[in-house]
Amino acid sequence: MPSPTTAATTGAEGVKDAVFAARSVVKTYQMGEVAVHALNGVDLDLWPGEFVVLLGPSGSGKSTLLNILGGLDAPTSGDVFYRGEKLTAFNDSALTRYRRDHVGFVFQFYNLIPSLTARENVALITEIAPNPLDPVEALALVDLDKRKNHFPSQMSGGEQQRVAIARAVAKRPDVLLCDEPTGALDVHTGVLVLDAIQRVNAELGATTAVITHNAVIAKMADRVIHISDGRIAGEERNTKKVAASELEW
Ligand SMILES: Nc1ncnc2c1ncn2[C@@H]1O[C@H](COP(=O)(O)OP(=O)(O)O)[C@@H](O)[C@H]1O
Ligand SMILES: [Mg+2]
């Protein structure tokens, strides 16, 4: 890893085995005179291979937290460790490498390139990744290999989101970070998208965090972390993990 600063050199406890360890993470946005406190001291560990749902109302700080874990944004204070390395000490090029090599992102809006087919959208990523899946193999993981030559405009919203998932996972990311992946979808298509995410977590073993304000989705997680007012308000482990196909909302 690029940063010389490790958990061992900082004396931080228990961060080495975690995929992510957030410690006292604060994020404040200064909007002119007004300070917006998006995160008010978050401590969080995510463990290898687990499927976590971060559940909280709109404005509670979920996206801010996910963007910090994914190296898209930096906290105002506090630290984040990624596999024992202090992410918050990485410089820009180390952060870019971290995002490129280890993180798959899925957002509410799919951001596919309209002039490229499903396969070509995925291939954009596999061409720059060191150990990628074949693009068609990635599309098969989300059950869209038959649609590989279709353009985004020829697919439904849910199908486009599954292409976006294939694109995110085609580099075999260590972590898959999903920000309201079903936010723009109806229940039926949302379930297919969640099923694809669940399959990727199980088959590729990527540590997966899904953020949502929909409590039903929490049933498919190994662990549910509640976020409220920029804080972790509680967590629970699901004794029985529900298959995405059994969810209804
Ligand atoms: N770039 C930004 N500039 C100013 N305020 C922001 C910015 N991003 C988020 N916020 C504020 O931080 C708080 C948390 O936002 P966010 O993390 O997007 O919450 P959630 O994803 O749970 O809806 C909100 O009050 C939001 O308005
Ligand atoms: Mg959000």
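These notebook entries record what I looked up about salt bridges in this predicted model.

**Entry 1: the count.** I began with the total, and the structure holds 10 salt bridges. As background, I noted that side chains of opposite charge can pair when their charged atoms come close.

**Entry 2: Asp45 and Arg23.** I found a salt bridge between the side chains of Asp45 and Arg23, at 3.1 Å from N to O. Asp45 belongs to strand E2 (residues 34–46) and Arg23 to strand E1 (residues 20–31), and the two lie 22 residues apart. I then checked accessibility: Asp45 is partly exposed at 22%, and Arg23 is partly exposed with a relative accessible area of 22%.

**Entry 3: Glu50 and Arg223.** Here I recorded a salt bridge of 2.7 Å, N to O, between the two side chains. Glu50 sits in the loop between E2 and strand E3 (51–55) and Arg223 in strand E9 (residues 223–228), so this pair ties together parts 173 residues apart in sequence. Glu50 counts as buried because its relative accessibility is 6%, and buried means under 20%. Arg223 is also buried, with a relative accessible area of 4%.

**Entry 4: Arg83 and Asp174.** I read 2.7 Å, N to O, for the salt bridge between these side chains. Arg83 is in the loop between strand E4 (77–82) and strand E5 (85–86), while Asp174 is in the loop between helix H6 (157–169) and strand E7 (175–179); they are 91 residues apart. I noted Arg83 as partly exposed, at 37%, whereas Asp174 is buried, at 18%.

Key
Residues numbered from 1 in each chain as written. Chains lettered and ligands numbered in written order. Predicted model: local features only at pLDDT ≥ 70, side-chain atom pairs only at ≥ 80, totals over all residues. Heavy atoms only, no water. Salt bridge = Lys/Arg side-chain N within 4 Å of Asp/Glu carboxyl O. Helix = DSSP H or I, 4+ residues; strand = E, 2+ residues; numbered from the N terminus. Buried < 20%, exposed > 50% of the residue type's maximum accessible area, 1.4 Å probe, protein only.
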